[in-house]
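Here is a quick tour of a model, meant for someone who likes to know the cut-offs. Have a look at the coordinates before reading on.

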Amino acid sequence: MTRTFELLDSLPTQKDNKFLPPAADFETDFVACTTIESKQPYSEFIGDLNKSESDVREYRLIRLPNGMTAMVIHDATESKACAAMDVNVGSLADPPLYQGLAHFCEHLLFMGTSKYPKENEYSSYLSAHGGSSNAYTDLEDTCYYFDVTYDALEGALDRFSQFFIDPLFAPDCTDREVKAVDSEHKKNIQSDMWRQYQIEKELSSPNHPFSLFATGNYDTLSGSAKEQGVDLRAELLKFHAKYYSADIMKLVVVGRDSLDQLTEWTVAKFSPILSKGMTKPMFKGHPLTEKELGRIIRLKTVRQQRTLELTFSLPDIKPFYVLKPGRYLGSLLGHEGKGSVLSYLKKRGWATGVIAGRATTSAEGFDMFKITVHLTESGMEHYEDAIRAVFAYIQLLLAKGPQRWYQEELCRVSEIEYRFMEKLNAVNLAMNLANTMQQKYLPPGKILPDSLLVADFNEELLEWVQEFLNPQNFRILLAAHEIDVEFNKEEKYYGCKYRVDAIPAELMRDLRAELVFEELSLPGPNQFIPDNLAVKATEKAEEPAKEPELLRMTEGLELWFKQDDRFLLPRGNIQVKIETPRAYDSPLNAIFNQLFVLILNDILAEVTYDAQVAGLWFNVSETISGLSLQIDGFNDKLPQLLRILLETVKSFAVDDTQFETYSREVRKKLENAKHAEPYNHVQTNTQYLNQGTMWRYTDKQAVFGLVTKERLQVFVDTLFEQARVQMLVLGNFSEAEALAAADIVMTTMDTLPLPEYARRPARALLHNFGSYVHHEAMPDEANLNSSVDVSVYVGQTEDHEERVLMDLLLLIVQEPFFDQLRTKEQLGYLTYCTGRKYSGGPMSLRCIVQSESNPAYVTQRIAHFIRGFRPRLLEMTQEQFDKYANSLKVRLEEKLKNIFEEASQFWKHMGSGYYEFDKIDFDLAVLAGLKKEDVLRFWDMYVDPERACSVKLLTMTIWSAKIFRPSVAEMAMYPEIVIALHGCFLRDGAKRLTLEDVQEFVVALKDSKATAAAAAAASGIATGTATEAATETEVLQRVVELFKRSADESLSEEDLAKAVAKISEPTSYVRTALAMALESPPAAAAADHSAAAAADHSAAAAADHSADHSAAAAGGGSAKCNGGNGAAGAIGGDLANLGAVRTPGGSWAFEEASKYKSTLCLSGAPIPVRPLKPKYE
């Protein structure tokens, strides 16, 4: 493949392009300056940046002496500072022999610098100051970014800049991060998105780097390096030295500090980055040539889905930033209103959605335009007819020619959107701007408005782009789980089966001929573009109201209102929850509600698409309490949209075609649920055992046969007979308009009020003392990964101090957890620690890992981390504690950015049932009084297994079908650490090893150590040498002998030697698990300790069980309940009677989650923290 550093206008696809604008001028209007403090040189743009009039941030565009362009942004109200660095090189620059090298560079770059050699120095600093970081590698960009508390920006920038000045790429980190890349790839193997993307790449021109494998894995990196006899790290250093140059880097820094201060730091810290006098790497040709076009690709998906994708080869159209032809064509071909392609296909039951636009797989020098059709089962049979309909619309566009009025309408909407633009999240702003600044044809004054503004009308240019949408210039991809063809190829990295054929001749003849479809037409004028943009409030309040006002409170309606006094924009937000108990009172009704909403949205699509184009947004969704409607956007036409939504709800009638289409869609979603990632499964299972009422996908599948059109219609007809409406109106509205909006809802719905006793508020489940383990096989048998979710219950949501301590503890734990289990131990790409607060119930500290490793081993490593964390808390200095406390303070004080955020915050407090609108003030007051000793006390009270007197532990595990999973009987017989060690042996190739073998091996080693210790004691030998009889070397020899005896017989001598070398490494999974096994107490002792603890708590709890249960029923969410979960002395029977087993370590292990759930008590309904007194009776 050919690689050059040519300018875009010299490439074959653009050479003769008369529409190409001149390259952006980054010389004119830049003046020489020096920084205020250090007097370092830089140049500053003094022209107009064309900032939105509603944007309160201040911007400065500068160029550093090394050629780097940077944007510094001052925001006086931003509680978080951040930065993003976009390096204009990505996976297209991968050497063919080391595919994934750009991605690998992104991973390893974070592993220490000469100035800050500690590999987790950067992440530790950010974590201690309430921050986080991440990065991504795209085709032509690698973007690194972070956020941090506003007062810690300088330190973060200093550490961040060193990655681009003098990274270490430490040798000892190389192999670990290759494994991280490999783990990330394996996480995606069952993802249809990644599988399809790689098929597209594989079937592109082999002469273009687009055809390479961008993610990379162990084989393409370390494996390939070994085959070539080179050092992978050396190749990485070459890649970094070649491409990481200041010339092709764009930096954005956002902070509360002044522009001068931000400039000072930026110039001082980033000017030392080397400038190599280069431009970004460019690549001749196009990924789609004549050889790749005119083909139909059929591929088999993992999930139940049916996708038709038409891909057209285009020259690069990104330089046409003013007109944005891709947006113009995409809005017409992807239109959902009357006369559209989607409307035509939906009437025939062939499709549920159409998306059109410039492909995200485009890059500088080439473009692709994609039209994606989500087909139904019937649509699969008529996919050729669907293609004919698309081309008929394309012919219509060509015949009618570019529409000036339509482009002007798009311009008008974009002008309104930009003029009244809402504030973006700072990190997203930095990332977007850093990437936007890489566009070679985008002048400085167009950088800020580029994402929104559309301007100008160029008929000739639009005609030129439209002409590329022709039958000679596209290919078809048809993806489905069930396709009636014989697949003859398999993709290398994902194992995806596919076949490639020429597009059928008859279809091609039709596409070349004139296609006339009477139902297809261009859209009409948009009636939802706002006319009135006046703002009711004339000035911002010095202290905006912290809560909405309750206007009405009846059995049938709860209405809250707040006029915007914070943003002063012509925008509004209306939230409506229609509460009806029938919606979720059974799995069947839950399906009906889901089906109702899907069909409802299908009906609404055609009549509301213009509203979405005009800057209005709505969401209609089913909830466990009924139906939710959210509406957001320019307030002028929001009431009109609200009325349309409600009238459609009320007049709902089931259509045969729609029922057939969407009942199959629901069934497909239920079938696809098993293909969710393992970490999604464990989190769902955790939610199931903490939420009072929840139907799993298997519960719904069991009753799906009862779903009929007639039953659905009866369900909808009776769904709102009795209902309660909860409503929030916020934004550029008057009180009268809020009351009028409520009248629209109540008049249109015309429902009887729902009595208080009939309501079904969400309730949490209350767990018992002790340890409970759920184990389940991964439903997707092809998935390589397993997952573990450990929940440690830590106090009550209603307790102000405990919930603040929970948040503070999370800040302290998260980075060390990630660093130990993800970075150092490489357990899995997805490794994180989070928290959960259950309304009306407990809080939990959750540790989640998705891994190829045995879940028992992962669970043991999480437990080991928890057991060893207390010394960190003891050693934490006051200064360190203050940093964490300040980080939480900054997070709590974070300013709301837009009306939607404010509405969401109010709505969350309303939905919780507590109405704690002043929660932040309470939490800040509590935080101010906390000391580091309080964190240690909190840890000791709830988390530390040696000190906590009330440990409640729930461990959810999902086991891949690719690994051995112990039976219930084996879990009762063998200690968890033995099962963990056994799994580690199996993973490394000891396929003939049994649990009994491992148990005997561990017992023998322990006996050997005990005998040696006793002999040493009798001889008066010091304890330090008492284990000489079982030295580390001897233990390793025994491990190797055991491994060789039980290794897979199919292993060659070479492979066996490699496996032995692997398990002999000090940090190998086998040696780590064995060390834990030898440290663990005898199983009987562990079980006795656990049972004794459970007995103590059960005895205490039994005395007040009745009173606590009554309190829970009356609304006391913090009640204790033991409910007969098998702890010694508890009321009721033994969990063994429900199929659970007691493990040697004292935990209860179970497979049937529903049976265990039935033994738990419900919390009481949340009690409001304030009296709810309406303004109007």
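## The nonpolar cores

Which residues have the most contacts inside the largest nonpolar core? They are L808, F817, I862, W939 and F985, and the core has 80 residues. A nonpolar core here is a set of buried Ala, Val, Leu, Ile, Met, Phe, Trp, Tyr and Cys residues joined through side-chain atoms within 4.5 Å. Buried means under 20% relative accessible area, with exposed being over 50% and partly exposed in between (1.4 Å probe, protein chains only). Helix α24 (residues 800-824) gives the most to this core, namely 11 residues. Helices (H or I, at least four residues) and strands (E, at least two) are DSSP runs, numbered from the N terminus.

A second, separate core of 79 residues includes L533, L569, M727 and L739. In soluble globular proteins, nonpolar side chains tend to be buried together.

As for ground rules, this is a predicted model, in which local features need pLDDT of at least 70 and side-chain atom pairs count only at pLDDT 80 or more, while totals for chains, interfaces and linings use all residues. Residues are numbered from 1 along each chain as its sequence is written, and side-chain values use heavy atoms, leaving out hydrogens and water.

An open sheet of 8 strands runs in the order β2-β3-β4-β5-β9-β6-β8-β7, with mixed pairing. Two strands pair if DSSP finds at least two bridges between them. At the edges stand β2 (30-34) and β7 (132-137); each has a single partner strand, so one side of each is left without a neighbour in the sheet. Inside the order, β6 and β9 pair in the antiparallel sense over 6 bridges, and A84 stands opposite V252 in β9.

Helix α3 lies across β6, β8 and β9, at about 160 degrees to β8. For such angles, axes are lines fitted to C-alpha atoms (for helices over the stretch in contact), and the angles run from 0 to 180 degrees between N-to-C directions.

Then there's α8 (residues 259-270), with 10 of its 12 residues buried. Among the buried ones are W265, E264 and K269. What covers them includes β3 (41-45), β4 (58-63), β5 (69-74) and α3 (153-165).

## The seven-stranded sheet

The other open sheet has 7 strands in the order β13-β14-β12-β15-β11-β17-β16, and its pairing is mixed as well. β13 (351-358) and β16 (489-490) are the edge strands, each with a single partner, so one side of each has no neighbour in the sheet. β13 and β14 (residues 367-375) run antiparallel and are joined by 7 bridges; A356 has I371 in β14 as its bridge partner. Helix α12 (residues 383-400) packs on the sheet, touching β11 (295-300), β12 (306-314), β14 and β15 (474-480). Contact means heavy atoms within 4.5 Å.

## A buried glutamine

Q850 is found in strand β29 (residues 842-851). Is Q850 buried or exposed? Its relative accessibility is 3%, so Q850 counts as buried. A polar atom of the Q850 side chain lies 2.9 Å from the backbone nitrogen of Y679. Leaving out residues up to four places away in sequence, Q850 touches K187, E677, P678 and N785, among others.

Terms used
Polar contact = N/O pair within 3.5 Å; in protein donor to acceptor, adjacent residues only side chain to side chain.
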